[in-house]
Amino acid sequence: MRLKLRIWRQAGPTAPGRLEDYAADDISPDMSFLEMLDVVNEGLVRQGKDAIAFDSDCREGICGMCSLVVNGVPHGPDRGTTVCQLHMRRYKDGDTITIEPWRARAFPVVKDLIVDRSAFDRIIAAGGYVSVNAGGAPDGNAIPISKAIYEQAMDSAACIGCGACVAACKNASAHLFMGAKISQLARLPQGQVERASRVAAMVHQADAEGFGSCSNEGECEAVCPKEIPISNIARITRELVKAVWRGGE
Amino acid sequence: MPQLDARVPAGPIAGKWDRHKFEMKLVNPANKRKFTLIVVGTGLAGASAASSLGELGYNVLSFCIQDSPRRAHSIAAQGGINAAKNYQNDGDSVYRLFYDTVKGGDYRSREANVYRLAQLSVNIIDQCVAQGVPFARDYGGLLDNRSFGGAQVSRTFYARGQTGQQLLLGAYQSLMRQVHHETVTLFPRREMLDLVVVDGRARGIVVRNLKTGEIERYAADAVILATGGYGTAYYLSTNAVNSNVTAAWRAHKRGAYFANPCYTQIHPTCIPVSGEHQSKLTLMSESLRNDGRVWVPRKVGDRRPPEQIPEDERDYYLERKYPSFGNLVPRDVASRNAKQVCDDGRGVGETGLAVYLDFADAIRRIGIEGIRDKYGNLFQMYQKITDENPYETPMRIYPAIHYTMGGLWVDYNLMSTIPGLHVLGEANFSDHGANRLGASALMQGLADGYFVIPYTIADYLASTPLPKISTDHDAFKQASDAAQRQINALLDVKGTRTIRHFHRALGRILWDDVGMSRTAESLTRALAEIPKLREEFWHDVSVPGAPDNLNQSLEYAGRVADYLDFAELLALDAQHRRESCGGHFREESQTPDGEALRDDEHFSYVAAWEYTGPGQRPELHKEPLVFDEVHPTQRSYK
Ligand SMILES: Cc1cc2nc3c(=O)[nH]c(=O)nc-3n(C[C@H](O)[C@H](O)[C@H](O)COP(=O)(O)OP(=O)(O)OC[C@H]3O[C@@H](n4cnc5c(N)ncnc54)[C@H](O)[C@@H]3O)c2cc1C
Ligand code: FES
């Protein structure tokens with residue numbers, strides 16, 4: 001099939017950007033969305049033109065590197081699917097597809113479709129961990145953890161840190177991302193000691209990075225490739241309240 | 001021929017590591033922060049090393065290609081991680097894990113390293129649980145296990161189908177905690193382009209800042225490479241697309257020997273190639289072979305859809321040839337047989353390069369729901385990619401490159417032949433011999449990073465004079481100039497063909513001639529074709545864009561250029577090893593039943609190659625393998 005593409009091109013962080021038109025010919029329905037872009041890029045490279053820059057690595061929906069807004073939707077139209085797992089059979093001959101980067105104050109564009117998501121790393125650095133050094137851990141079976149708790153912790157831990165939640169949110173809030181980590185660790189016995197300080201530190205860091213607040217619209221949940229529910233966000237509030245209480249004790 | 005000394009400590013195998021730990025020198029706590037250590041790579045090996053060294057108080061600089069350390073290729077591992085916990089009370093032990101690993105590696109690994117790995121495996125699980133890694137639990141709340149190939153006990157720990165992700169996030173979080181404590185500084189979106197060697201010791205690296213294009217220099221007291229495997233040399237593989245051999249190869253050119261490059265692992269159950277556009281292959285867990293039956297049509301060229309092929313016109317070739325193991329033969333055997341039937345013209349699907357993995361019998365036996373419970377997510381992934389419903393029509397699968405056992409040679413302390421350069425994880429060659437067992441790579445990466453390097457590097461630092469050096473030193477200048485020259489050379493070719501064209505062409509040569517089975521003839525052909533392709537690359541590749549900003553074409557071109565060099569060593573190693581072992585199958589060396597036939601008399605050694613200059617034949621060094629514990633025998637799966 002043949003497609004019309006409108007792709008965001010931006011030479012660098014401070015350069016102005018704009019949508020440019022490209023034709024994608026000979027696209028097979030078996031291609032993934034990123035393979036379709038590879039084909040377009042090969043055409044550009046053959047002509048000695050600058051390839052369209054976009055991030056990807058695992059191409060199987062787990063590393064969180066790919067990050068495209070497709071026709072206004074982060075990761076495109078398929079629910080629970082990263083853009084690297086989206087396939088071209090979803091489109092038909094003659095379609096026009098607009099491709100843009102994540103847009104959020106805390107995710108500045110580096111080039112074309114690539115953004116800087118290091119703010120997420122700094123949120124984790126603020127407290128998204130259990131403070132244990134290597135060596136000296138007790139036996140793995142010392143504390144039994146019920147299957148139900150494990151399943152819930154795992155549901156939250158599935159976050160791939162791609163940032164689609166931020167890109168979809170009109171406030172560019174990082175609450176789903178944070179909520180997932182906070183919930184995972186709050187549910188597990190290992191996460192209890194630092195439960196209060198963790199949530200406070202992460203929320204504080206997110207504010208400092210320029211992420212917005214959460215107004216419960218649920219756009220984040222709708223685009224999350226791992227379908228992490230917004231109940232994880234409610235958890236942040238609960239944990240914060242608890243943290244304040246404990247702080248007062 | 002010079003022999004290599006792995007510096008394995010003396011004494012009985014079970015006590016070697018403890019004794020060695022006692023005998024190694026320590027760095028006084030107050031002095032640790034005076035040492036700067038570079039860790040390249042943030043996969044399981046690199047992240048666990050950098051965080052542990054940070055915890056000890058060293059000043060650590062951590063580098064990776066991705067925008068965040070959390071995205072390293074380790075994140076994609078699905079199945080699980082082995083550990084000799086014996087929680088199932090089914091007869092597992094450190095000794096059994098050690099034994100299985102040596103045997104699984106077809107008696108081509110170093111016993112002392114493997115034993116240590118098995119010992120440390122139990123600590124890994126404890127460490128990860130303490131970090132909050134959500135391993136699967138049974139109904140009593142204890143850790144659950146599954147079984148994996150090459151073992152008769154249940155010792156694989158897992159977190160749904162996302163074990164690598166959860167282990168890596170555990171290590172990443174520990175790493176970020178050290179960033180918070182300012183013992184570790186992160187350098188993401190950096191690609192190591194050279195190792196800096198001063199007075200014979202590794203003292204720094206030169207990297208390209210992938211955001212700005214700048215060539216940057218970093219000095220240190222020691223360098224640790226944890227840069228992963230080289231599977232993408234074959235173009236199509238199950239590895240992440242940015243995986244590369246660049247860091248290891250450039251260290252090799254500076255004097256680090258490259259060991260056993262021909263030991264590559266081909267995984268039998270991947271989703272087949274659908275066309276020229278394909279950029280990577282997706283693994284389907286080998287657990288599927290528990291219930292799926294592998295078959296192809298009996299007749300050559302039978303193009304009927306599978307449901308129209310009657311039972312007696314199907315060839316369940318694994319069940320036919322290996323009645324006792326059937327569909328559960330090891331990875332290498334399953335892969336070779338799939339290739340064989342396709343080479344015979346009996347492959348299925350549009351390309352003829354696939355075999356069926358059929359669940360019809362299993363569905364009849366345990367019902368669609370039973371199958372969905374066991375493999376639901378895999379079936380869904382398969383359908384997403386192929387648009388076929390595997391509940392109704394058999395899956396099509398084909399082998400693909402998955403893992404590389406070869407890597408930079410290291411001694412017992414994980415130090416390469418360049419003093420001060422240590423190599424961890426898939427990037428080294430150490431523990432898996434000629435074939436890695438499932439769920440053992442994650443174990444090795446974390447053992448290296450959490451529990452081996454923190455001890456062995458102290459010994460190096462405490463026993464080596466390390467005068468302060470600055471990045472103005474001539475060696476840094478020379479290395480960064482060389483990196484810049486290579487970049488300019490790539491941009492100056494201004495040819496007509498794409499980088500991907502060359503990568504694909506290289507992949508085809510390697511897959512066809514240095515792939516699942518190799519012959520003297522195919523290797524001679526590969527060794528003639530690779531230099532030709534390299535010539536063409538340097539005359540006709542088109543690398544657009546500028547050197548001084550983010551330029552993915554340039555990054556890719558550099559990696560392919562290194563693969564074009566490295567591939568020759570891979571083929572040469574395969575040519576010199578005129579025996580079959582594990583993943584290395586030389587057609588000339590097989591048993592009467594077509595199984596891999598080792599030649600212990602002539603090839604029971606690690607082949608470590610020394611770089612001798614461009615266009616020069618590398619020099620072979622041997623580390624003889626001694627088996628005091630496990631007696632080498634011929635594998636059989638009949
Ligand atoms: C699909 C799949 C499934 C798997 N499943 C399992 C499993 O279930 N169990 C198991 O045990 N094993 C499994 N494996 C194997 C296992 O995942 C890998 O062997 C292991 O994760 C490698 O870890 P590592 O830390 O050595 O390297 P990687 O995780 O590959 O990390 C390499 C790091 O080095 C960096 N790097 C590379 N080159 C450079 C450079 N030039 N400059 C700077 N940085 C660089 C990268 O950015 C990255 O951070 C699987 C592999 C695949 C492909
Ligand atoms: S490329 Fe890894 S999730 Fe898409």
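The legends below refer to a predicted model.

**Figure 1. Salt bridge between B:Arg497 and B:Glu536 in chain B.** The closest N and O atoms of the two residues are 3.4 Å apart. B:Arg497 sits in the loop between helix H12 (474-493) and H13, while B:Glu536 belongs to helix H14 (residues 520-540), so the pair ties together parts of chain B that are 39 residues apart in sequence. B:Arg497 has a relative accessibility of 27% and therefore counts as partly exposed. B:Glu536 is also partly exposed, at 32%. Elsewhere in chain B, B:Asp106, B:Arg108, B:Arg577, B:Glu579, B:Arg598 and B:Asp600 are joined into one network by salt bridges that share partners.

**Figure 2. Salt bridge between B:Asp194 and B:Arg254.** The side chains meet with an N to O distance of 2.7 Å. B:Asp194 is part of strand S6 (residues 190-198) and B:Arg254 is in the loop between H7 and strand S10 (258-259), so this pair links parts of chain B that are 60 residues apart in sequence. B:Asp194 is buried, with a relative accessible area of 8%, whereas B:Arg254 is partly exposed at 29%.

Figure 3. A:Lys242 pairs with A:Glu239, and their closest N and O atoms are 3.9 Å apart. A:Lys242 is partly exposed, with a relative accessible area of 34%, but A:Glu239 is buried at 2%. Over all chains, the count of salt bridges comes to 74.

**Figure 4. Interface of chain B and chain A.** Here 73 residues of chain B are in contact with 78 residues of chain A. The buried area is about 6300 Å², and carbon and sulfur atoms give 49% of this area. The interface has 10 salt bridges. One of them joins A:Arg89 to B:Asp387, with the closest N and O atoms 3.7 Å apart. Several helices of chain B each supply at least two residues of the side that touches chain A, including H3 (44-56), H6 (163-180) and H15 (552-576). H6(B) gives the most to this side, with 8 residues. By class, the side of chain B that touches chain A has 25 nonpolar, 31 polar and 17 charged residues.

**Figure 5. Surroundings of ligand 1.** Ligand 1 is surrounded by 37 residues, and the closest are B:Gln66, B:Ser74, B:Gly79, B:Met192 and B:Glu426. An oxygen atom of the ligand is 2.6 Å from an N or O atom in the side chain of B:Glu426. An oxygen atom of ligand 1 also lies 2.9 Å from a backbone N or O atom of B:Ala441. A nitrogen atom of ligand 1 is 3.4 Å from a polar backbone atom of B:Gln78.

**Figure 6. Positive phi at A:His75 and at A:Asp112.** Most residues other than glycine have a negative phi. Phi of A:His75 is near 70 degrees; this residue is in the loop between strand S4 (73-74) and strand S5 (96-101) of chain A, and is buried at 1% relative accessibility. Phi of A:Asp112 is about 45 degrees. A:Asp112 is in the loop between strand S6 (109-111) and strand S7 (114-115) of chain A, and is buried, with a relative accessible area of 2%.

Terms used
Residues numbered from 1 in each chain as written. Chains lettered and ligands numbered in written order. Predicted model: local features only at pLDDT ≥ 70, side-chain atom pairs only at ≥ 80, totals over all residues. Heavy atoms only, no water. Contact = heavy atoms within 4.5 Å. Buried area = accessible area lost by both parts, 1.4 Å probe. Salt bridge = Lys/Arg side-chain N within 4 Å of Asp/Glu carboxyl O. Helix = DSSP H or I, 4+ residues; strand = E, 2+ residues; numbered from the N terminus. Nonpolar A, V, L, I, M, F, W, Y, C, P; charged D, E, K, R; others polar. Near = heavy atom within 4 Å. Polar contact = N/O pair within 3.5 Å; in protein donor to acceptor, adjacent residues only side chain to side chain. Buried < 20%, exposed > 50% of the residue type's maximum accessible area, 1.4 Å probe, protein only.
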